[in-house]
Amino acid sequence: NPTLLDDFIGLVYVGGFSFSDVLGSAVGWYNVIKNTPNIINQIRTFNSRNNTFSLGVCNGFQLMVLLNMFPYINKIKKNNSCKFESRFSTVTICKNNSIMLHNMENLTMGIWVAHGSGNININSNIVMNYVDNNNNPTEQYPFNPNGSLNGVAGMCSDDGRHLAIMP
């Protein structure tokens, strides 16, 4: 259906090993999308509309990066531990312009983490940080399970409509 997304306002790129139950499954998902002109065109059109929003979680985060929805990230690296991390971590929502999180600034909460590749290196559009026991953004393991610079755990697009979180 070449117009399937025309009536959608929100789109969620889910986590949980979406394409199959393997690490790096976002790459398989991405390859299906990019090699199917109908799908990639619909996603590009959807993203370009001013009345839409999207959320990517874990593998969905990875897919959004592969789809170049966050052009300031060119790669998600493996966790510094070089292993799959599955743990309950603590994050804090920082000041941001995300349409989903902008009114949650300074909220600290526990969140489940399960990924082998979540290490990103960005300095802008950050919405969420892994924090230590004093609620300070951290790169220290195990508080930050992947080693992202400044504990980055989530980000949004420049206009705040597209949100991606790793945990």
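Asparagine 106 is exposed, with a relative accessible area of 59%. The cut-off for this class is over 50%. In this predicted model, asparagine 106 lies in the loop between strand S4 (85–93) and strand S5 (108–115). Most residues other than glycine have a negative phi, and most peptide bonds are trans.

A positive phi also occurs at cysteine 58, which is not a glycine. Here the angle is about 55 degrees. Cysteine 58 sits in the loop between strand S2 (53–57) and helix H3 (59–66). The relative accessibility of cysteine 58 is 9%. Buried means under 20%, so cysteine 58 counts as buried. Asparagine 106, in contrast, is exposed.

The peptide bonds hold a further feature. The bond from tyrosine 141 to proline 142 is cis. Its omega is near 10 degrees. Proline 142 belongs to the loop between strand S7 (126–130) and strand S8 (152–156).

Confidence was examined for the chain and its elements. The protein chain has an average pLDDT of 92. A score of at least 70 is reached by 95% of the residues. Among the elements of the chain, S7 has the highest mean pLDDT, at 98. The lowest mean, 88, belongs to helix H1 (residues 25–34).

Terms used:
Residues are numbered from 1 along each chain as its sequence is written. This is a predicted model: local features need pLDDT of at least 70, side-chain atom pairs count only at pLDDT 80 or more; totals for chains, interfaces and linings use all residues. Side-chain values use heavy atoms; hydrogens and water are left out. Helices (H or I, at least four residues) and strands (E, at least two) are DSSP runs, numbered from the N terminus. Buried means under 20% relative accessible area, exposed over 50%, partly exposed in between (1.4 Å probe, protein chains only). pLDDT is the predictor's confidence in each residue, from 0 to 100.
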